[in-house]
Structures are given as structure tokens and as C-alpha cells.
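Please consult the sequence and structure shown below while reading.

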Amino acid sequence: MKREILFLRRADDHVQRAYEFFENNQPGTGDLFLERPELTLDLLTLHPLIGPPYNSFVRRLLIAKTTFAIFYAPQGNRLIIHGVLDLRSHPRTIETDLNR
């Protein structure tokens with residue numbers, strides 16, 4: 001069963017910041033980056049427990065060919081996306097971004 005995907009505002013902000021980062025460094029790479037999470041989200045809608053638990057309320061799944069991960073919580077028929085973050089960040093930074 002495919003699930004509905006709900007992005008929290010902060011997760012939308014994370015994706016926008018990543019897109020801008022890639023575009024500013026090399027035009028065109030922002031669009032390539034945006035394709036990667038879509039593939040990961042498609043997988044999550046079918047297999048929501050595939051990502052290992054990150055903490056007591058979210059799971060994490062790596063986005064292929066990037067240093068980013070989707071932080072999410074399956075809730076019934078929905079996937080709540082809490083963040084899309086670069087895993088090279090300090091763990092405290094990731095935790096802060098997830099709790100904003």
C-alpha cells in the first residue's frame with residue numbers, strides 16, 4: 001500500500017537550502033539533486049520501515065549517490081518527513097534541525 005507523504009515546513013526548507021547550495025556551486029546540479037529524494041520517497045511509500053530508527057521518533061534513509069538522508073516517521077497511511085539533511089553535518093546540528 002502506498003502512503004501519503006507530508007513534508008513538515010522545516011523539511012521543505014531543508015530541500016530548498018540543499019537545492020540552492022548545489023545550484024550555486026554548479027548550475028543544473030540542483031535539479032539533479034531533486035530527482036534523488038523522489039526515488040527514495042517512492043521506495044519509502046511502499047516500504048516505510050526500511051530505514052533504521054534514528055531516534056525514538058524518526059527513522060532515517062540515505063538518499064542514493066548523495067550525502068543526504070530523509071528523516072521521517074511512518075504514521076498509519078502517511079509518512080511525515082521531518083528533514084532532509086546532509087549527514088556530514090555535526091550530529092548536534094542534525095538534532096537541532098530536526099527539532100526546530
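Predicted model: local features only at pLDDT ≥ 70, side-chain atom pairs only at ≥ 80, totals over all residues.

## Contact between α1 and α3

Two packed helices are described by the angle between their axes and the distance between the axes. For α1, which spans residues 9-25, and α3, which spans residues 91-99, the axes come within 9 Å and cross at roughly 130°.

Strands of a sheet pair through backbone hydrogen bonds, either parallel or antiparallel. Here, 4 strands form an open sheet with mixed pairing, in the order β1-β4-β3-β2. The edge strands, each pairing on one side only, are β1 (4-7) and β2 (59-62). Direction ignored, neighbouring strands of the sheet are turned against each other by 35° on average.

Strand β2 and strand β3 (residues 68-75) run antiparallel and are joined by 4 bridges. Within this pairing, Leu61 has Ile70 in β3 as its bridge partner.

## Helices packed on the sheet

Helix α1 packs on the sheet, where it touches β1, β3 and β4. The direction of α1 makes about 35° with that of β4.

Helix α2, residues 29-46, also packs on the sheet. The strands touched by α2 are β1, β2, β3 and β4, and the direction of the helix makes about 30° with that of β3.

## The largest pocket

The largest pocket has a volume of about 170 Å³. Its lining consists of 13 residues, of which His14, Arg17, Ala18, Phe68 and Asp86 are the closest to the centre of the pocket.

Which elements supply at least two residues each to the lining of the largest pocket? They are α1, β4 (78-86) and α3. Helix α1 gives the most, with 4 residues. Sorted by class, the lining has 6 nonpolar, 4 charged and 3 polar residues.

Key
Residues numbered from 1 in each chain as written. Heavy atoms only, no water. Axes fitted to C-alpha atoms, helices over the stretch in contact; angles between N-to-C directions. 1 Å grid on protein atoms, 1.4 Å probe; cavity = no way out; pocket = protein on both sides within 12 Å on 5 of 7 lines; lining within 4 Å. Points joined across faces, edges and corners; volume = space filled by probe spheres on them. Nonpolar A, V, L, I, M, F, W, Y, C, P; charged D, E, K, R; others polar. Pairing = 2+ DSSP bridges. Contact = heavy atoms within 4.5 Å.
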